[in-house]
Amino acid sequence: MKRLDSYKTIVGPVQGLYKEKGSKFLAFAFAVDTVEKAQAQITQIKKDYFDARHHCYAYVLGANKETYRYNDDSEPSGTAGRPIYGQILSKDLSCVLVVVVRYFGGTKLGTSGLIQAYKLAAADALEQAVIIEKQVMQNFHLQFSYEKMNAVMKLIKEENLTQQKCTFDQICELNIAVRLSDTERICRILNTLEVSFSAIS
């Protein structure tokens, strides 16, 4: 399977709301790129809405959506986290967390009612979001003699590469960011220029 080097995500945070039979479902959508950042947002929502009965969530990470998790937070299995997860996928999003906080209104909604409520709350939050496309980048550390400066800078300009942390001396060093799908080609050019390079994780 070919790895993707771009994905759609949101500009967050944004909020949504769904009401049904006295119950309120507050939805919060965030842009997150690591499990740790997702967990931190979930923890914060639980603190901010400590008096709510349920804090259900789903998140998807990675350009290939390879990392994901959903949680029902004591709602009946499959009625909360999975519908939220489904809404993230239906919009083809990644690096997104959606948390839905439920305040119970006294009337049980039943399995289908809960699925619908969590689905629509998540959908409402995501509808408020601005969707953007991001590229997956690979960072490289370059090392080369001062004589090769012009050739390296020409490559950076022609390929529209992002450069960081430059040190120009007898031995020059700088970091560049390359779009994932371009890495093999750029590495071949660097080898041709006899520029030493290594990937930065």
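Visitor: What is the bridge partner of A58 in β6?
Guide: V98 is the partner of A58 in this predicted model.

Visitor: What makes β4 and β6 a pair?
Guide: Two strands count as paired if there are at least two bridges between them. β4 (residues 54-61) and β6 (residues 96-103) have seven bridges, in the antiparallel sense, so by that cut-off they pair.

Visitor: In what order do the five strands of the open sheet come?
Guide: Read across, the order is β2-β3-β6-β4-β5, with antiparallel pairing.

Visitor: Why are β2 and β5 said to stand at the edges?
Guide: β2 (14-20) and β5 (67-71) each have a single partner strand, so one side of each has no neighbour in the sheet. From one strand to the next, the twist averages 15 degrees.

Visitor: How do you know which strands helix α1 packs on?
Guide: Contact here means heavy atoms within 4.5 Å. α1 (residues 35-48) touches β3 (23-31), β4, β5 and β6, and its direction makes about 165 degrees with that of β4. Helix α3 (residues 110-127) lies across β2, β3, β4 and β6, at about 150 degrees to β2.

Visitor: What makes a residue part of the lining of the largest pocket?
Guide: Having an atom within 4 Å of a pocket point. The lining holds 19 residues, with Y7, D33, G62, A63 and C95 nearest the centre. The space is about 330 Å³.

Visitor: Which strand gives the most to that lining?
Guide: β1, with three residues.

Terms used:
Residues numbered from 1 in each chain as written. Predicted model: local features only at pLDDT ≥ 70, side-chain atom pairs only at ≥ 80, totals over all residues. Heavy atoms only, no water. 1 Å grid on protein atoms, 1.4 Å probe; cavity = no way out; pocket = protein on both sides within 12 Å on 5 of 7 lines; lining within 4 Å. Points joined across faces, edges and corners; volume = space filled by probe spheres on them. Helix = DSSP H or I, 4+ residues; strand = E, 2+ residues; numbered from the N terminus. Axes fitted to C-alpha atoms, helices over the stretch in contact; angles between N-to-C directions.
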